[in-house]
Amino acid sequence: MAQVKAKGSIILEILIVILTAVLVYTIYDPAMKIRAEEELKKICRFRMKNIRQAELRYFDEYGKYTGNIDSLIAFIKRANLPDSLFFSTAAEKFNPDSLRRCPKLNEPYIMGADSLGKFYWVECPYGHGTIGSKEKPEDVNKVSWE
């Protein structure tokens, strides 16, 4: 004799499958967002380190820091600095034009130098860190995350 399923049990099985999928998604989604944010932070900090590398080369050549991203990118291109001098990630190879903006918000870095070019600062608009300081000239080239 065949066994007959109750009508409500099929609905319960479908509901259990849907709730399981929702549960898996609620656990998996935040982890993916955290990984994506960490990758953006890593790229941002590499870009700021590349700005520091370029500023150091600029200082070697001109005896002062520029504090201006357009001048710095033009210098990188004109001086034909080797890519091996700069940092890259698996997700992003070095590109001088990428130094303009934070990858998180696509907002420009906050950057400047004192009037004599003795120190400079770079700040991520999203809060991923800083290099140098307006208030503490002795922190020139010092990164906030190391």
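Me: Tyrosine 58 and phenylalanine 75: buried or exposed?

Reply: Both tyrosine 58 and phenylalanine 75 are buried. Buried means under 20% relative accessible area, exposed over 50%, and partly exposed in between, with a 1.4 Å probe and protein chains only. Before going on: this is a predicted model, where local features need pLDDT of at least 70 and side-chain atom pairs count only at pLDDT 80 or more, while totals for chains, interfaces and linings use all residues. Residues are numbered from 1 along each chain as its sequence is written, and side-chain values use heavy atoms, with hydrogens and water left out.

Me: How many aromatic pairs does the structure hold?

Reply: There are 8 aromatic pairs. Rings of Phe, Tyr and Trp (its six-membered ring) pair if their centres lie within 6.5 Å; planes under 30 degrees apart count as stacked, over 60 as edge-to-face and the rest as tilted.

Me: What about tyrosine 58 and tyrosine 62?

Reply: That pair is tilted, because the ring centres are 4.6 Å apart and the planes are at 45°. Tyrosine 58 and tyrosine 62 are 4 residues apart in helix H1 (residues 7–62), so about one helical turn separates them. Helices (H or I, at least four residues) and strands (E, at least two) are DSSP runs, numbered from the N terminus. Tyrosine 58 has a relative accessible area of 12%, whereas tyrosine 62 is partly exposed at 38%.

Me: And how do tyrosine 58 and phenylalanine 75 pair?

Reply: Edge-to-face, with 5.2 Å from centre to centre and 80° between the planes. Phenylalanine 75 lies in helix H2 (residues 69–79) and tyrosine 58 in helix H1, so the pair ties together parts that are 17 residues apart in sequence. Ring pairs link Tyr58, Tyr62 and Phe75 into a cluster.

Me: New topic. How many disulfides are there?

Reply: A search of the whole structure finds 0. A disulfide is a pair of cysteine sulfur atoms within 2.5 Å.
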